[in-house]
Amino acid sequence: MSSTPEKPGKNSVQRSGRAKPVWAEGLRRMYDEVVDEQLPDDFVALLKKLDKSGDSQ
Amino acid sequence: MTASNIPKNYDFRTEMTGVLPHLRAFARGLCGRPDYADDLVQETMLKAWAARDSFQPGTSMRSWTFVILRNVYLSEARRNRFRGDYDPDLAEKLLSQPAGQEDGLHMGDLRAAMMRLSPERREALLLVGAGGFSYEEAADIAQCAVGTMKSRVARARRSLEDMLGDEGEKGGRSKSRAVSHTEMLADLDKVASL
């Protein structure tokens, strides 16, 4: 798959600044609201579990 | 152990952790249900972790994991059709929150409209409109031609504008908002009485 490099952990997304209808703003907000949420505990727990199961060198 | 082309300090886990918020946002947009979306993302994390050797550092972790999430979502949808209890209006009710009222577009209306789009168009709009992917990147993720992605986005936009009417275009009209909510509540009553 061809894909472009992206900085890890970067939560904001670059978008074109061209004027768009109101719903387009709403759509971005819908997405960004979830992005800005704190990661639920079970995700943190799963990450720890993966760490232990993986190559722990 | 064996030498590989993965840099020594490369931390897959850190990079995957960085894109988790995006995976959650994409998943929630796809299926419309926060709880189910998080299940999808956790399944995606497990699959991504298992396949981590095939990820090429320096390429987009977000694109790579989105492909996995998409596949998880599609196979789940095929297998049990959201456990048979999916309903757009019910989903909208669950997600409804008093956000965005100041600019005239009710977020609940937008969510409901999104869930009424076909899955392909919803996905296209999520990737390009919400996620900020280019058409090329989005086509890559959805495994379709760039032209197909462009036409899906265009059609999705038109459908959305039709459904949202003046609200979606100019932002304002509490009347149509009130109507759509009345209709939504009526639909919910129907669902509840089944």
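Me: How do you describe the way two packed helices sit against each other?

Reply: Two packed helices are described by the angle between their axes and the distance between the axes. Here the axes are lines fitted to C-alpha atoms, over the stretch in contact, and the angle is taken between N-to-C directions. In this predicted model, helix α1 (residues 22-36) of chain A and helix α5 (residues 107-116) of chain B pack at an angle of about 85 degrees, with their axes 10 Å apart.

Me: What makes α1(A) and α5(B) roughly perpendicular rather than roughly parallel?

Reply: Angles of 65 to 115 degrees count as roughly perpendicular, whereas those under 35 degrees count as roughly parallel. The angle is about 85 degrees, and α1(A) and α5(B) are therefore roughly perpendicular to each other. On the α1(A) side the contact is made by A:W23, A:G26, A:L27 and A:M30, and on the α5(B) side by B:M107, B:L110 and B:R111; these residues divide into 5 nonpolar, 1 polar and 1 charged.

Me: Why is B:C144 called partly exposed?

Reply: A residue is buried with 20 or more other C-beta atoms within 10 Å of its own and exposed with 12 or fewer. B:C144 has 16, so the residue falls in between and is partly exposed. Its place is in the loop between α7 (135-142) and α8 (146-169) of chain B, and, leaving aside residues up to four places away in sequence, B:C144 touches B:A139 and B:M149.

Me: By the burial count, what share of the residues of chain A is buried?

Reply: Of the 57 residues of chain A, 18% count as buried; chain A has 2 helices and 0 strands.

Methods. Residues numbered from 1 in each chain as written. Chains lettered and ligands numbered in written order. Predicted model: local features only at pLDDT ≥ 70, side-chain atom pairs only at ≥ 80, totals over all residues. Helix = DSSP H or I, 4+ residues; strand = E, 2+ residues; numbered from the N terminus. Contact = placed C-beta atoms within 7 Å. Axes fitted to C-alpha atoms, helices over the stretch in contact; angles between N-to-C directions. Parallel < 35°, antiparallel > 145°, perpendicular 65-115°, else oblique. Nonpolar A, V, L, I, M, F, W, Y, C, P; charged D, E, K, R; others polar.
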